[in-house]
Protein chains: 2
Amino acid sequence: MSAECGRLYGLGVGPGDPELLTLKALRLLRAVPVVAYPTPEHGDSFARSIVAGWIAGHQREIAIRIPMRPAPPSAEIYDAAAAELAAELESGRDVALLCQGDPLFYGSFINIFTRLAGRHQIEIVPGVSSLTACAAAAAIPLVSREGTLAVIPATLEEDQIAARLAACDSAAIIKLGRHTAKVRRVLGRLGFVDNAIYIEYATLPTRRVAPLAAIEPDKAPYFSMALIRMSGRSDGRS
Amino acid sequence: MSAECGRLYGLGVGPGDPELLTLKALRLLRAVPVVAYPTPEHGDSFARSIVAGWIAGHQREIAIRIPMRPAPPSAEIYDAAAAELAAELESGRDVALLCQGDPLFYGSFINIFTRLAGRHQIEIVPGVSSLTACAAAAAIPLVSREGTLAVIPATLEEDQIAARLAACDSAAIIKLGRHTAKVRRVLGRLGFVDNAIYIEYATLPTRRVAPLAAIEPDKAPYFSMALIRMSGRSDGRS
């Protein structure tokens, strides 16, 4: 790492509404010579779309193409992306790597970060996460006072989800997608299905908020979430 | 609720760095005629201090004084605050209630929200939470891939903390304050004390990041947190 090397910014750009960008992310986005972002093999980058109105046009853009299959992507995909970004940094250019939501909260940024940490200067700019955006969209308290919160990927097996739900007062089950029917089954078995609120695209015009019990499970997109508060547990009145 | 009533905005202003305000929070803060915020009985409001540079001066300000004792504050404190805000709303004025971090993530906003929801129009603007701000300050992944995250108040009893730590891959133990020695004892018992990073004032100039094992436990402020990743559990390589 040399003083003349550029700096990598892991830039949280929030959950989707361009207005949920922070002032810091906006300042850095405008200042850097290179903007990088993950994007599917075919189609547009969601992270880039959030800040598209703020990208000046004179900046170099690096699209990190991440195929949908296999999931998770192979290590080589991230090795190559990290090498491409490292080359920019070693040429003395600062790079902003756009991260939807927050970079360190289930972000694919983590795959780049673990490859470059220790060898390059990295600054992480936290962003509004899907977790709090979904609670705001549903207008329900996420967790309060002495309550504990569990964040649980829907990709886990039924028994794993059930075990984690048993040890919290509030839960967010994320990335519902094709796992929605399974999640509803687990919640039904535990008696919590009527406590579960479903949210998709929390801060976008296509937002949908509904009881989880009312959802057609095969239509839930990957970016959807269920928020559950277990009544009668220890987090007090509110 | 009448069409002529004002709207209450629960405005997340982020964890402390004024630059971590969102564009949306800034727009609304400048637009509303009334700005409210919690403040201790003596001393300044932390939430207001975050956005002090953006308060225009022509706005009416309502300081909601919350005594430190008893903790939690009596219901009457929030009843009175809700009534004062309701009077503004009923006079047709929009009110921005400033919330450090995110309004629905352990926010005292929840106490006002539960009193006014259903009777007034309320819009919640999510903010950057202390959770992701602390991970960014420590430059460690909070949670990734199929990992589960538990958020645990340090005020819980040892056995409750231990039970919740047993059911996650990553944990954030929040509001350490005078509970720091107890938390370190629990983590030591479970063999995780060397995995724990301590963070205080994550986004302020007074920020401190250190191994939890290296902290003098009686000096941790209320706004401090330990982040723990349990190695060898199920959240994969990164």
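Helix α5(A) is largely enclosed by the rest of the structure, because nine of its nine residues are buried (a residue is buried if 20 or more other C-beta atoms, placed from the backbone, lie within 10 Å of its own, exposed if 12 or fewer, and partly exposed in between). Helices and strands here are DSSP runs, H or I over at least four residues for helices and E over at least two for strands, numbered from the N terminus. This is a predicted model, in which local features need pLDDT of at least 70, side-chain atom pairs count only at pLDDT 80 or more, and totals for chains, interfaces and linings use all residues. Residues are numbered from 1 along each chain as its sequence is written, while chains are lettered from A and ligands numbered from 1 in the order in which they are written.

**The buried helix**

- The buried residues of α5(A) are S130(A), L131(A), T132(A), A133(A), C134(A), A135(A), A136(A), A137(A) and A138(A).
- These residues pack against β6, β7 (170-174), β8 (196-200), β9 (208-211) and β10 (224-229) of chain A, together with β5 (121-125) of chain B.

**Where the two chains meet**

- In all, 47 residues of chain A are in contact with 48 residues of chain B (contact means that the C-beta atoms, placed from the backbone, lie within 7 Å).
- On chain A, the elements giving two or more residues to this side are α1 (23-31), α4 (109-116), β5 (121-125), α5 (130-138), β6 (149-153) and α6 (158-165).
- Strand β6(A) gives the most, with five residues.
- By type, the chain A side has 31 nonpolar, 10 polar and six charged residues (Ala, Val, Leu, Ile, Met, Phe, Trp, Tyr, Cys and Pro count as nonpolar, Asp, Glu, Lys and Arg as charged, and the others, Gly among them, as polar).
- The copies meet through the same surface, because 100% of the interface residues of chain A are also interface residues in chain B.

**A sheet shared by both chains**

- An open sheet of 10 strands runs in the order β9(A)-β8(A)-β10(A)-β7(A)-β6(A)-β6(B)-β7(B)-β10(B)-β8(B)-β9(B), with mixed pairing (strands pair if DSSP finds at least two bridges between them).
- At the edges stand β9 of chain A and β9 (208-211) of chain B, each with a single partner strand, so one side of each has no neighbour in the sheet.
- Across the two chains, β6(A) and β6(B) pair in the antiparallel sense over three bridges, and V151(A) has L149(B) as its bridge partner.
- Within chain A, β8(A) and β10(A) pair in the antiparallel sense over five bridges, with E200(A) bridged to S224(A).

**A second sheet, in chain B**

- Five strands of chain B form an open sheet with parallel pairing, in the order β3-β2-β4-β1-β5.
- Its edge strands are β3 (60-66) and β5 of chain B, each pairing on one side only.
- Strand β1 (residues 7-12) of chain B runs parallel to β5(B), joined to that strand by five bridges, and L11(B) stands opposite V125(B).

Definitions and conventions:
Contact = placed C-beta atoms within 7 Å.
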